[in-house]
Amino acid sequence: MSVAPTSSDDKGSWRVLPPNPFASLDEYVASGGGAGLAAARRVAPEVVIDEIIASGLVGRGGAGFPTGEKWKTIRASASPRLPTTVVVNAAEGEPGTFKDRAIMVANPYAVVEGALIAAWAMDASEIVIATKLRFDDQRERVRSAIAEVEEADWSSGISLRIVDGPAEYLFGEETALLEVIDGRPPFPRIAPPYRRGVHEVVRSDSDVSSGSGLAANIQMASPDDETEAPPVLVNNVETMANVPAIVAKGATWFREVGTNESPGTIVCTVTGDVDRPGVCEVPMGTSLRDVIERAGGGAIAGRKVKMVLVGVSSSVLSHDELDVALSHEAMRDLGSGLGSAGFIVVGDDKAAVGVASGVAHFLAIESCGQCTPCKDDGLALSALFRSAAQGQASPHDLTTVIGLIATVADGARCSLARQQQMVLNSILDHFTSEIEESFQPGAPPVEPMLIAELLSVEGASEEVDQSFRNKQPDWSFDQIDSGKTPVERFTDHRSDEPTATAAAAATDV
């Protein structure tokens, strides 16, 4: 994996992604590791939470929610009888993103220490690190780190376990992640801002959503709830890795880099049409152009940047927007977002309709089918953009596309369908005339772009999951699609042998 240097000055040096992996817990401690956990346990949990709030740390998983406010609300929503659980979301699957896996290999101790601090702040007795069964290197590094931490008696009566889940994109969605931990497939729950979590109290069928009979109908957690079910605190890998240094060194130190609204550093992944794909940690506020140069060596020789995909979670950025600062406020002002800071660079030799076809196909396949417009309209969008890429579309088809984009997110319980809207609308807005030409009869065919999870970022190349080309809308890899949604297919399998995905979802190590 290519890890680019962060900066030449002290304030820009690495904070969560060391240039060389820590070989042991002792090496981590020698660099200052463990000081945050020790400092946290010398004060009340509320003091720790106040420091996280003061730091301005914002979640690095994509949603960009203030971490300290989340911790404060979860603590206030504690169950009177059962303990809160802390969950680390390590199910990274956003296309173009590899930063969490880079951190888990290079610095798993900071992730575990951050989770232990969160457990102290939540009065939690259990930490679950939810990752993917396919992440062999990362799972082994985290498992080894947990063993060392337990041997060093850092866990202090808190249980730590790893839950291995399926390859599906939705496994990274917070509520779908909790479903997997609860032993069900990764189908998002009804998603209020905060919800009860890992240990449910289910007394009747009404406690499970009526749509599928699979995803739990967990309602908003608040101090006034009468349910005995405890809440769960979920933060992603990079967020947790930032916590120890904040507690050890203070909020003022954390704010020495970054911007006022987006303090600290951010770990970025740069792939696509660049000289050498890579991962780098930079201060928030660094320009996208600088990150593309630093982590990716710039565009491939002889090409210019046409657009940059922010995974598939936010609006694309055009060549004219490369000087945007990587902060939540600057990206928001452009109508986009930071997402998980995975930037897929698209060269000027690529057709906009090929990019749109790849995005639409990925999101349509990964839709679970709980929300009919998301799955049906998403598949229709994928088919229409593929026809355009093949030179077989018409202006009427483009009119249909615009209408489907407007309805695909109707009634959506998670953000996947809204991502279809944001990304596809932004491509249409930035490349209007080119897209219109692609929907003319006889337009030249182009290759749809493969949008899928990164499997590795090594040396001068990245490996994108090629098996996704054969994935069916029902999430199987059968030669012929069943015609069922994933929800329908998993419902059929509930009384039978589990499918490969269901088996992965149930693995608990």
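Ser155 touches Arg41, Leu116, Val149, Glu150 and Leu160, leaving out residues up to four places away in sequence, where a contact means heavy atoms within 4.5 Å. Ser155 sits in the loop between H7 and S4; helices (H or I, at least four residues) and strands (E, at least two) are DSSP runs, numbered from the N terminus. Ser155 has a relative accessible area of 8% and is therefore buried. Buried means under 20% relative accessible area, exposed over 50%, and partly exposed in between, with a 1.4 Å probe and protein chains only.

Before going on, the ground rules. This is a predicted model, in which local features need pLDDT of at least 70 and side-chain atom pairs count only at pLDDT 80 or more, while totals for chains, interfaces and linings use all residues. Residues are numbered from 1 along each chain as its sequence is written, and side-chain values use heavy atoms, with hydrogens and water left out.

Asp153 counts as exposed, at 57% relative accessibility. Its phi is near 65 degrees, a positive value in a residue other than glycine. Asp123 is another non-glycine residue with a positive phi, of about 55 degrees. Asp123 is placed in the loop between H6 and strand S3 (126–132).

Now the overall figures. The protein has 19 helices and twelve strands. Of its 509 residues, 58% count as buried. Taking contacts between residues at least 6 apart in sequence, 73% join residues at least 24 apart.

Next, the cores. A nonpolar core is a set of buried Ala, Val, Leu, Ile, Met, Phe, Trp, Tyr and Cys residues joined through side-chain atoms within 4.5 Å. Which members of the largest core touch the most other members? They are Trp71, Val86 and Phe385, out of 107 residues in that core. Helix H6 (residues 108–122) supplies the largest share of this core, with eleven residues. A second, separate core has 24 residues, including Cys268, Leu288, Ala330 and Val345.

Trp71 itself touches Val48, Ile49, Ile52, Ile117, Ala118, Ala121, Met122, Leu233, Asn235 and Val243, again not counting residues up to four places away in sequence.

Asn235 is on that list, and we can look from its side. Asn235 belongs to strand S5 (residues 232–236). Asn235 is buried, with a relative accessible area of 5%. Beyond its neighbours within four places in sequence, Asn235 contacts Thr67, Lys70, Trp71, Val87, Val88, Asn89 and Met240. The C-alpha atoms of Asn235 and Asn89 are separated by 5.9 Å, and the two residues are 146 residues apart along the chain.

On to aromatics. A pair of aromatic rings is described by the distance of the centres and the angle of the planes. Rings of Phe, Tyr and Trp (its six-membered ring) pair if their centres lie within 6.5 Å; planes under 30 degrees apart count as stacked, over 60 as edge-to-face and the rest as tilted. The structure holds ten such pairs. In one of them, the rings of Phe22 and Tyr28 have centres 5.5 Å apart and planes at 80 degrees, so the pair is edge-to-face. Phe22 and Tyr28 are both buried. Together with Trp14 and Tyr109, Phe22 and Tyr28 form one aromatic cluster.

Phe385 and Phe439 make another pair: the centres of their rings are 5.9 Å apart and the planes are at 75 degrees, so this pair is edge-to-face. What does that pair tie together? Phe385 lies in helix H14 (residues 372–389) and Phe439 in the loop between helix H17 (432–438) and strand S11 (454–458), so the pair ties together parts that are 54 residues apart in sequence. Both Phe385 and Phe439 are buried.

Last, the cavities. On a 1 Å grid over the protein atoms alone, a cavity is a set of points where a 1.4 Å probe fits but cannot get out, and lining residues have an atom within 4 Å of a point. Grid points are joined across faces, edges and corners, and a volume is the space filled by probe spheres set on the points. There are three cavities of 30 Å³ or more. The largest has a volume of about 80 Å³, and its lining includes Leu170, Pro188, Cys368, Cys371, Cys374 and Arg413. The second largest cavity has a volume of about 50 Å³. Among the residues that line the second largest cavity are Arg60, Lys99, Glu238 and His328.

Technical notes:
1 Å grid on protein atoms, 1.4 Å probe; cavity = no way out; pocket = protein on both sides within 12 Å on 5 of 7 lines; lining within 4 Å.
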